[in-house]
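Reader: Please take a close look at the charged pairs in this structure. Then follow the chain from there to the side chains around them. Keep it brisk.

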Amino acid sequence: MQGGLAVLCAVLALTLFFQQRRVEALEQAAQTYDALRNECDTLRMELDSVKADLRETLERETELRAELGTRPTAGGRAAAYAVDVEGVDLAGRTVTLAVSVDLAAADENARASVVTDAAEHHDALETPLIRGEDGRYTGSVTLPLEPDDRVQMRLLTTVGGAKYAETLCAHHSLMELLPVQLNSWSGEAEYADGKLIFSGWTFRPEDGQGGPAEIWEPRLELARDGAPWMDFGLTEEADACVQTPDSIGMDCQEGDSIAVNFTCTDRYGLRYAFSAGWWEVKNGQAVRHWPAAARPGLRWE
């Protein structure tokens, strides 16, 4: 009897040993699976970010190709042109653009007009251009300040009895003509111990011609889950706006999204908000997402 019990105990001990090994193997497999799943989620988020970057690059390339393809050529009547902001009506939310054109052929009897098309909000406008003593043709066009409006300007001329038409410019958004643009920025974001820490942010606003923009009240604005969270003044150094605090830490939880905006005011009183991207806290990491468009939003406080 004792011998049988000993054998039975040995069998049970071996069974428990192998069951324990099996449980440990299953637990290890589960941990490996969780790690692989987290890695796949991270790679998927990084892929989404790369896709967004590629989409933005392709859209910008398309815009540049369209713009290059519509500039005056040597065979056109316009030798040179300029479109500048002449004024802004904040109450009416309109912008007035000054248009000037130099014709390739000097003819005092030539007539010119510019047709501006922003079809989303109104019909095409034809504006006569007046010839000045310097031979340059000038005029003004007033448009609603709608960020999503595509704008195209065509020049109509009558020279020596012959009529001509050509495209002066085409823009994906009316915002591309405003006197403040943001073509470059830099900064770091790091997630650690439940905080998303922003440091070293620098913004370089331009005037649309490649020079520094004339701005006031530059600020770094942070929003969490779509709601304003905190904002800080930026220090102006040469042609850059630099983050004043050495670092800014925000308490973040799993699933939070944090957006970074650069805001400023131009000489007409327009308040701009440029997106510098947003971060999503997921699986203990902060994944960066680039802005969908380079053009700003306008604040009407």
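Author: D239 is partly exposed in this predicted model. R204 belongs to strand β9, while D239 sits in the loop between β11 (227-237) and β12 (240-243). The pair therefore ties together parts that are 35 residues apart in sequence.

This is a general point. Side chains of opposite charge can pair when their charged atoms come close.

How many salt bridges does the structure hold? The count is six. One of them joins the side chains of K195 and D251, at 2.7 Å from N to O. This pair also links distant parts of the chain: K195 is in strand β9, D251 is in strand β13 (residues 247-251), and 56 residues separate them. K195 has a relative accessible area of 34%, so K195 is partly exposed. D251 is partly exposed too, with 45%.

A further salt bridge joins R219 and D231, whose side chains meet at 2.6 Å, N to O. Here strand β10 (residues 215-224) supplies R219 and strand β11 supplies D231, twelve residues apart. R219 is at 30% relative accessible area and counts as partly exposed. D231 is at 40% and is partly exposed as well.

Now look at the aromatic side chains. The structure holds seven aromatic pairs. In one of them, the ring centres of F198 and W201 are 6.5 Å apart and the planes meet at 50°, so this pair is tilted. F198 also pairs with W279 in an edge-to-face arrangement, 5.5 Å centre to centre with 85° between the planes. That pair spans 81 residues, from F198 in strand β9 (residues 195-206) to W279 in strand β15 (residues 271-282).

W201 has 0% relative accessibility, so W201 is buried. One aromatic cluster takes in F198, W201, F203, F262, Y272, F274 and W279.

Charged groups also sit over rings. R224 lies over the face of W229, 3.7 Å from the ring centre. R288 places its charged end over the ring of W290, at 3.9 Å from the centre.

Another arginine, R154, is found in strand β6 (residues 151-159). R154 is partly exposed, because its relative accessibility is 32%. The C-alpha atoms of R154 and T167 are 4.2 Å apart in space, though 13 residues separate the two in sequence. Beyond four places in sequence, R154 is in contact with S113, V114, V115, E166, T167 and L168.

One last stop is S173, in the loop between β7 (162-171) and β8 (181-192). S173 is at 0% relative accessibility and therefore counts as buried. A polar atom of the S173 side chain lies 3.1 Å from the backbone nitrogen of M175. Leaving out residues up to four places away in sequence, S173 touches P147, D149 and R295.

Terms used
Residues numbered from 1 in each chain as written. Predicted model: local features only at pLDDT ≥ 70, side-chain atom pairs only at ≥ 80, totals over all residues. Heavy atoms only, no water. Helix = DSSP H or I, 4+ residues; strand = E, 2+ residues; numbered from the N terminus. Buried < 20%, exposed > 50% of the residue type's maximum accessible area, 1.4 Å probe, protein only. Polar contact = N/O pair within 3.5 Å; in protein donor to acceptor, adjacent residues only side chain to side chain. Contact = heavy atoms within 4.5 Å. Phe/Tyr/Trp six-rings, centres within 6.5 Å; stacked < 30°, edge-to-face > 60°. Lys NZ or Arg CZ within 6 Å of the ring centre and 35° of its normal. Salt bridge = Lys/Arg side-chain N within 4 Å of Asp/Glu carboxyl O.
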